[in-house]
Amino acid sequence: MHRHAYSNGQAAYPSLGGNGTFSIEPHKFQPRSQPALRRRRQLIQRLLLVCSVFFTALFFFFPDLRPNLGSGPLSYLTASEDSQLETVRYYDLNNVQGTARGWEREERILLCAPLRDAALHLPMFFSHLKNLTYPHNLIDLAFLVGDSKDDTITLLTKNLNDLQADPTPKQRFGEISIMEKNFGQKVNQDVESRHGFAAQAGRRKSMAQARNWLLSAALRPTHSWVYWRDVDVETAPFTILEDLMRHNKDVIVPNVWRPLPDWLGGEQPYDLNSWQESETALALADTLDEDAVIVEGYAEYATWRPHLAYLRDPYGDPDMEMEIDGVGGVSILAKAKVFRSGVHFPAFSFEKHAETEGFGKMAKRMKFSVVGLPHYTIWHLYEPSVDDIRHMEEMDKERKAKEAEEAAKKERMDKIKDQFDVSKSTDWEKEKAEVQDLVQKAKNEAKKEKDEQKQKADETKEEAEKVAEKKEEEVKAAPVVQKKDENVHEARGEDEKSKPQPVQPQNEAA
Amino acid sequence: MVKGSRGMNPITFVLAGILCIGFFIFFFSSSDASSPATDRQKSGTAASVLSPPSLPFRKAKSNEPQAAPPVVHYYMNNVTNSRTPVENSETVLILTPLARFYQEYWDNLLKLSYPHDLISLGFIIPKTKEGNLAYTALQTQVTKTQSGPKSKRFASVTILRQDTENPLQSQLESERHKMENQKARRAAMAKARNSLLFTTLGPTTSWVLWMDADIIETQPTLIQDLAAYDVPIIAPNCFQRYYNEEEKRNDIREYDYNNWIDSPTAKELAAKMGKDDILLEGYAEMPTYRSLMAKMYDKSGDPGAKVKLDGVGGATLLVKAEVHRDGAMFPPFAFYHLIETEGFAKMANRLNWESFGLPNYLVYHYNE
């Protein structure tokens, strides 16, 4: 019995009537939308297109009309770079007061260096910079270049660009600014005119001006510390920033010495501007007029102040502190709050002092702590003064004269030697050969006449003693000696072996 | 046919969208570089956040690795301060030590006709309860202005907070002006001024305008008017509007007594004083007989009259930036027996900069 269960060719679904739940009607047409709606939609699309073209054109030609989309990814579409610009800044100065462990708190340091005709010293300065152990990204560099006649600017720029292009990001520094400002100074920068007494007051005032311009242009609300450093420091510890910072003082300076050539004593205190105030100096200050400036280290003003420089003990504790009133400018670490509260380098006579010494005085006046480290020393470059150069020239001349004299002497000696050598190589050799023959013969004879020889030897001994005495007298009459020498050698040749006595006595014996 | 177009639609739209965005980016990035207007702006723009606060800076894109800050040259020989500051595009830094915020002060600032893109603002606010209120109010106004119409936006705004060392309990006028409080108050004020000045003074600034937070009315052309005298330091006369009870009308009276010409009496007084004592003006206990600029006001006089001063007040004061750069600051200690703004005039004088006053050119102080 055959049952055609699915005889109609349908799938094996039970057919539960023509239009049951599972019936599909594939051939039914359903319109998607109304034609009117479709037309309107096209219109809208066209309108949108026109609008976008219009606005694109509008914004392209009038950038000012572009809407502000805020900052965020959308800001790519905004007006110019305007919304990218940050115009408002907030700072809390309580966060930048400076602490003993600034590197842990990410405290920023402003490193200031006033420059003039300093191209020579820049390579050395930059090697110092690179070696600093304080995190470089926390150090901002500021330079003021003024009245330079050499290529300080170009060299500085090149060095700084190299510094910032360093492949290791840790080597790169923070903000770097170069200020160019000419003050039209007439003062010469060579060592003599720089350190001459008469030039000091004016020079110090203009230096102070440069320092103030640099600081006021470079100090930011983010700085906790300010470090002043001269470019002509030759040797300083890499950790100098941390070393000075650790003391947590408002103003702190190391001792500054300089190496000297041996004939000047090997080393010398350099920076005499760090000192403690003395009664004598205060009394002296009272006698001077308003604009006078006391400068340290000149006989004209005997102040009897204790100088930081003279108190150095090479084996002393480098952490020892000393209260001071005037500071030297070679290397000053100060908290930025000192400068913020108004302390600066007076370019006028402030309590009879100017520049860094006046700075120390003013800091003291505002009740800031000012200390020096007598046994922590950095070394300033030795630049010979005019006197030194003169002295060195003299020494050079002396040395040359001496050399010339020695050369002449040597020449004379050589000449003599040459003459001697000539005789040695020719006549002398011949004679020597003859003599040796003679000696041989004499030896043979000697064997026969031993007794005779003994007697002879005794005689010569006595004579030799006499001769030695004579010789002493002759040494005093030096010029004669040379001639005698010739005789000596010739004479020696005659009876060398037979008389084994000292050379010169033999001569006399002969 | 119908079916085909229906299937392609989303893809075309996506493509068109991408194309569109591409166009946008292309147009806008190229227009930045080409337009000359932005070039001028660029010169006054810093490339990194480490830059003088007087210059706005470009925000770093957060997804980019931090580039090393560039080496920036500032040609300070080219920073001028002339009679015609607008023509020479000279930048002005307006500095205000702020203890209380007055809306009138801000409104007056916005009215200044000097091009705002050449003006930078600097504020220092003490960290006190009163200071917090002032800070909030100021912040609101700054945000509003800096996102408002471009012509009103200032080049940059710096707001500093600092603890004052001698915070007086009250900013009440009577308390503030007591003589024994004066030295401490003015020393703290001097330090605040110096902090503000030395952290915001940039290498490109030509002029510094000191304006107290309670100066609520000035000429819109204040900066141009004062700069036109071309002197190192210049102060207008500071007056106050009040209601005259006797005459039943609005009137004005002198307010700031710190602008003066020195007198022999004052010099004698100073000679007898100790090193740290200061001379104060406007106190009956200490008659100095100095010639006060406040008393020189003459309604019918020459409005452009100028007098040389020995002491200046800080209510409104236009200073050439180079005076401050040379080191003239507000001494927080007795400097020739003078302190703060008066000491500033003296210090500037020691640096060979002279101070002047305009007796008939008025600015108005808030009336408490």
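**Backbone and burial**

Modeller: Lys352(A) lies in the loop between α8 (336-340) and α9 (355-365) of chain A, where helices (H or I, at least four residues) and strands (E, at least two) are DSSP runs numbered from the N terminus. This is a predicted model, in which local features need pLDDT of at least 70, side-chain atom pairs count only at pLDDT 80 or more, and totals for chains, interfaces and linings use all residues. Residues are numbered from 1 along each chain as its sequence is written, chains are lettered from A and ligands numbered from 1 in the order in which they are written, and side-chain values use heavy atoms, leaving out hydrogens and water.

Colleague: What is the phi of Lys352(A)?

Modeller: Most residues other than glycine have a negative phi. Lys352(A), although not a glycine, has a positive phi of about 70°.

Colleague: Is Lys352(A) buried or exposed?

Modeller: Buried means under 20% relative accessible area, exposed over 50%, and partly exposed in between (1.4 Å probe, protein chains only). Lys352(A) has 17%, so it counts as buried.

Colleague: Which helix of chain B holds Glu340(B)?

Modeller: Glu340(B) belongs to α10 (residues 340-350) of chain B. This non-glycine residue has a positive phi of about 50°, and Glu340(B) is buried because its relative accessibility is 5%.

Colleague: Which residues does Ser82(B) touch?

Modeller: Contact means heavy atoms within 4.5 Å. Leaving aside residues up to four places away in sequence, Ser82(B) touches Asn88(B), Glu90(B), Trp207(B), Ala227(B) and Asp230(B).
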